[in-house]
Structure formats: C-alpha cells, structure tokens
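Please look over the sequence and the fold below, and then follow the paragraphs from the strands to the helices and on to the ligand.

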Amino acid sequence: MNSVYDVCVIGGGASGLAAAIYIKQKEREISVAVLERLPRIGKKLIITGNGRCNITNTDESLSHYHGQNPGFAEYALKKYSNTEIENFFNNLGVIFVSDETGRVYPSSLQASSVVDALRFTCDSLGVNTFVNCMVTDVTFGDTYTLKTEKGSFRAKNIVFAAGLFSGGVRLGCDGSILRLLKSKGEKSTVVTPAIVQINTETDIVRSLKGIKVNATAAMIINGKPFRSEKGEVLFCDYGLSGPPILQIARAVEREKGEKTVSLDLLPDSSTDEIISVLSSFKRTLHYRNLDEYLSGLLNKRLGQAVIKAAGLKLSSNVGGLSKNDIVKISSLIKNFRIKALSTTGFENSQVTAGGLCTNGFDNKTMMSKLRKGMYAIGEILDIDGDCGGYNLHFAFSSAFCAADSIVKEYKNDKA
Ligand SMILES: Cc1cc2nc3c(=O)[nH]c(=O)nc-3n(C[C@H](O)[C@H](O)[C@H](O)COP(=O)(O)OP(=O)(O)OC[C@H]3O[C@@H](n4cnc5c(N)ncnc54)[C@H](O)[C@@H]3O)c2cc1C
C-alpha cells in the first residue's frame, strides 16, 4: 500500500477504537487506519463485565491503579474523568447507569451497545478498519512502516493499542506487539496476570467446591497482610475465585515470598462475639456431634472443614469441647488460611500487570519520548487498574490524550 496515513492505530480494541474516533471527531481531515489482527474489532470488549461492560467507576481514586509509577496515569484520568468518558459515549448514543458500588454500565446492560456504538461511529467518520491484519514489524524513519498480513502500511503517526496477554490469543492478546517493541529497544517491566482466580493447595478447597461465602479475603505475604477485599468468595476444585479473590490476586505472581489467602468467614462479627456464640452453642447443643456444631453459622461443609482444621474429630461430642477448642475454632473462622500457589494464568485474567515502561512516554500525550509520532495507550503500558471499570477507563482516557496530541500536532503542521 503506497498511501501514507496520518495515523495508523495498531489494535481495534477499547483504546484503539476510542482514539481513532476521537481524532476524527476533532479533525475529519486526518486519515486514520485501524489495523486489527482478529476477524472483528472490539472482540474483547463484548465480553467485558460479564457481557455488560463495566466502562468506568464513580470512585476515581488513583489508588485503584498500579504499576511501577501509577502516578503516570493521573493526568489522563483527571483530564478524562468518568463524566468525560460517559459524555463521549452519550454522543455515540449510549447512556449509562451505575450500581451501588459505583460501577458504571451501559443502560442496556449489554456490552454490545458499546461495541456497536464504536463500530458504527468508526464507519460513519471514515476510519479505515482492516481486520485479519496482524502487525508483525515496524520500521522507523521519516514515516513509520508497519508490516502486516495485508501488506505494508505507512503512517506519520502510529498508536500502539494492542493490549498485552489478558484473555489470551482467542481475544488477540498474546503480547506480540510488546515482544516486537522490546526487540526495537523499548523497555518493559515484568508482566504477570491480574484480576484472576488463584490456584491454591487443593486438599481443603476441593472438598468445598461450589460453596460461595461472603467473606473478607486477605492476601498474606510472608505472614504480613498485603491487601484485603470483602465480597463473595467461591471455592473451586483448583482454588479460589469470586470478586475479592480476583482483586487480591495481583500479588500472587508479582511479589516474592510465601503467599496465603486468609478468609474471614464471618466478617461482620468479632472473634469475641463468635466465642460467645460458640460457648452458648456448647451449652445448648452439647448432645450433638461436632459435624453439626457450626451448621447454624456457616455453610455445613465449610463448618466441618473448620472443625477438621482445628484438629478435632467430626464424630466428637459438642459437650466435650474445651475453652481452648472454642477459641481455636473462632480464630479459624476469622482467619481460615489457604496457601496460594499461582494464578490461573493470562488466559483467565482480565488485565496484565506490567508492560511498556511508562518513563519512556509523556504522561500528557502518551507519545514516546524518543520517537516523535509514536504513541502507546491502554493496557500495553505498565498501568493496570482494579476490577470495577478502572481498566477500560484508563484505556479510554489514555486514548483521548494521544488523540488530542495527534490533532494538535496535525494542526500545528498545517498552520
Ligand atoms: C473477560 C474480561 C472481562 C473484562 N471486563 C472488564 C470490565 O468490565 N471493565 C474494565 O474496566 N475492564 C475489563 N477488562 C479489561 C479490559 O477489557 C482491558 O483492560 C481493555 O480492553 C484494554 O484495552 P486495550 O485497548 O489496551 O486492549 P484490548 O482491548 O485488549 O485491544 C487490543 C487489540 O489489539 C489487537 N492486537 C493485538 N496484537 C495485535 C497485532 N500484532 N496486530 C494487530 N492487532 C493486534 C487485539 O486483537 C485486540 O483487539 C476485562 C478483560 C477481560 C479479558
């Protein structure tokens, strides 16, 4: 292909499509091509938020972002706050609702509303989208040349919006662009799965498979509490899942040391309150066996697992419990520990922690500090957010910053 695009966006996902549209909205004259390796654009977006697309969050604290320098994201997140993101989509015909935790979803509760809005707007604004068009190489010169399965594309500006590994190759995410950029001298931090289930020692969890419990889950590293989250924890044959587990899993493959998940199985009661209840149970239920002792407090199988973890026999009599036994059972209910081994991997993760070192990029424009006209946006950068709409928010806000810069440079060149 001989023509030189003003902009080639590598990746037709959340950030790439938003950048392409924003550029065209601001300056129709700018020619924009989106190069997407999959047969469809927005394939990952369609499954986000369990098919509902949790696009942003009303809690905008920077503490929900991670990376070597999370402060890199601050400018973009403030400039393009959740209301700006909503406004952008309102103009594309999508309106939003938020739930009690601040998560914002399209009012249709269908991710397809968001993907369709992006797709139709790209078409109507004249964004050239090329699918089945994997970028395999880039050369730098006066203009950039991208080698793809559909031939070469030349562009004055290139925007890397190719994501990283999360969701795996079925969603187009195998880190191919990160590898390519590293081979060209770009620096990257270590990449690991985040927002992901945890593989644990299975002797306890396997017997509890399928049980859901409202708990506080804490990640303990070398005996010290690292992060905790409250919510519904799910026991699985491989380990633990559920929102609080996904939220604390980032540390599992990133931090050194021994990791344990501590579950507070009755987070709304203190240890003393539990001791008092269990002591009264001892008096009233003295004739029962221990396998029934906790069944009015916890899921029956879970209660039995606690009794076993306390080193007591399920067939023993409640009346035979000592004060120490009751204290031990109570502290196990508040601190039920399961050794974490690994995560279930990139394929199952919602985001990749790590990525291109942000110190190589300007935080206001997302432009490379070394290569004029080369941008990186979204997940490929070493910024990852918590579960709750934070990753899509950064994908969009970083896209708009890059788009702003491209439009500004274009207008300066024309002036
Ligand atoms: C199951 C799941 C649920 C999620 N739910 C939410 C949620 O509800 N809220 C939230 O905030 N975040 C969610 N996320 C995370 C969010 O989807 C990502 O952080 C976000 O999509 C990142 O946007 P991106 O544009 O950087 O990358 P992506 O959306 O991953 O897009 C990258 C695109 O680049 C393409 N590509 C890759 N390599 C090449 C190449 N060499 N050549 C051409 N194209 C290439 C890919 O095919 C892909 O289409 C979820 C993720 C998953 C996997």
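Strand 12 (residues 198-200) and strand 15 (residues 239-241) pair in the antiparallel sense over two bridges, where pairing requires that DSSP finds at least two bridges between the strands; Asn-199 has Gly-239 of strand 15 as its bridge partner. This is a predicted model, in which local features need pLDDT of at least 70, side-chain atom pairs count only at pLDDT 80 or more, and totals for chains, interfaces and linings use all residues. Residues are numbered from 1 along each chain as its sequence is written. Helices (H or I, at least four residues) and strands (E, at least two) are DSSP runs numbered from the N terminus.

The pair belongs to a barrel that six strands close in the order 12-15-14-13-16-17, with antiparallel pairing.

Among the helices, helix 1 packs with helix 5 (residues 111-125) at an angle of about 40 degrees, their axes 10 Å apart; axes are lines fitted to C-alpha atoms over the stretch in contact, and angles run from 0 to 180 degrees between N-to-C directions. Helix 1 contributes Leu-17, Ala-20, Ile-21, Lys-24 and Gln-25 to the contact, and helix 5 contributes Leu-118, Thr-121, Cys-122 and Leu-125, contact meaning C-beta atoms, placed from the backbone, within 7 Å.

Around the ligand there are 39 residues, of which Gly-11, Gly-13, Gly-163, Gly-172 and Gly-378 come nearest; a residue is near when its C-beta atom, placed from the backbone, lies within 6 Å of the molecule. Helix 1 (14-26), helix 2 (48-51), helix 6 (176-183) and helix 12 (390-414) each give two or more residues to this shell, and helix 12 gives the most, with four.

Note on methods. Contact = placed C-beta atoms within 7 Å.
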